[in-house]
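Have your viewer ready and follow along.

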Amino acid sequence: MEFQSILFYILSIITIISSLCIGIVKNTVHSALFLILSFFSSAGLWALLNAEFLSFILILIYVGAIMILFLFIIMMLDLNIHKNSKNLLNFLILTVILGFLMAFKMIKILLNGFLINNFYKKKILIISNSIGSVKELGLLIYSKYIYIFEVASVILLATTISVTILTLRSRKDRKYYSSSDAIKVQSSDRVRVIKMKSEK
């Protein structure tokens with residue numbers, strides 16, 4: 001067995017196990033860390049398929065920006081995990097139905113890919129030689145899909161602003177001191193000299 005095949009199986013096993021742990025683990029921070037691990041292993045799979053752009057984007061944007069943002073949101077919102085886990089049981093049937101539908105659709109797509117005839121296989125191989133490189137995708141993004149790219153950037157900007165607003169919300173269980181009040185404090189307000197008689 002070749003080294004690439006061994007690496008493919010190792011990364012696939014890591015991706016499957018980490019993806020399962022995302023839903024099994026009770027702690028939301030641990031769930032986010034398993035999602036980061038699955039992103040890293042998926043990026044390795046993309047690199048094995050010669051899609052270096054998708055591999056870099058998965059690490060730089062999803063792991064380096066979006067998942068770090070998710071971790072900040074989870075830690076700052078201080079979610080009540082045990083209370084929310086009881087409410088999730090009410091949606092168990094809907095979750096199972098949607099899971100089976102997604103699995104059925106993925107199996108159907110895979111079967112259609114394996115049962116495709118030789119003419120389309122040759123055509124796909126010819127097209128796939130130019131897909132995945134940074135140059136080809138850059139030309140498409142900044143020419144044909146420039147408006148979609150701008151909309152995505154606006155959505156990310158709105159997400160950043162909304163996260164900032166969520167972190168600045170007032171909470172009763174948090175001690176807060178105004179920085180403007182701290183600047184205005186004079187030395188006479190902080191220190192007061194009291195004359196007392198000496199004790200024996």
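I10 sits in helix α1, with helices taken as DSSP runs of H or I, at least four residues, numbered from the N terminus. This is a predicted model, where local features need pLDDT of at least 70, side-chain atom pairs count only at pLDDT 80 or more, and totals for chains, interfaces and linings use all residues. Numbering runs from 1 along each chain as its sequence is written, and side-chain values use heavy atoms, leaving out hydrogens and water.

I10 is partly exposed because its relative accessible area is 42%; the scale here is buried under 20%, exposed over 50% and partly exposed in between, with a 1.4 Å probe and protein chains only. I10 also belongs to a nonpolar surface patch of about 690 Å², together with M1, I6, F8, Y9, I14 and L37. Patch members have over 30% relative accessible area and no salt bridge, and their nonpolar side chains (Val, Leu, Ile, Met, Phe, Trp, Tyr) are joined within 5 Å. Helix α1 (residues 3–24) gives the largest share of the patch, five residues.

Now look at L11, also found in helix α1. L11 counts as buried because its relative accessibility is 15%. Setting aside residues up to four places away in sequence, L11 touches S41, G44, L45 and L48, contact being heavy atoms within 4.5 Å. A43 is 32 residues from L11 in sequence, yet their C-alphas are 9.3 Å apart.

A43 leads us to the largest nonpolar core, whose nine residues also include I36, V63, M67 and L71. The elements giving two or more residues to this core are α2 (28–48) and α3 (52–77), with the largest share, five residues, from α3. Such a core is a set of buried Ala, Val, Leu, Ile, Met, Phe, Trp, Tyr and Cys residues joined through side-chain atoms within 4.5 Å. Beyond its neighbours within four places in sequence, I36 contacts V63, M67 and L71.

How values were computed:
Patch = residues over 30% accessible without salt bridge, like charges linked within 9 Å, V, L, I, M, F, W, Y side chains within 5 Å. Areas by Shrake-Rupley, 256 points an atom, 1.4 Å probe, with all protein chains shown as cover. Salt bridge = Lys/Arg side-chain N within 4 Å of Asp/Glu carboxyl O.
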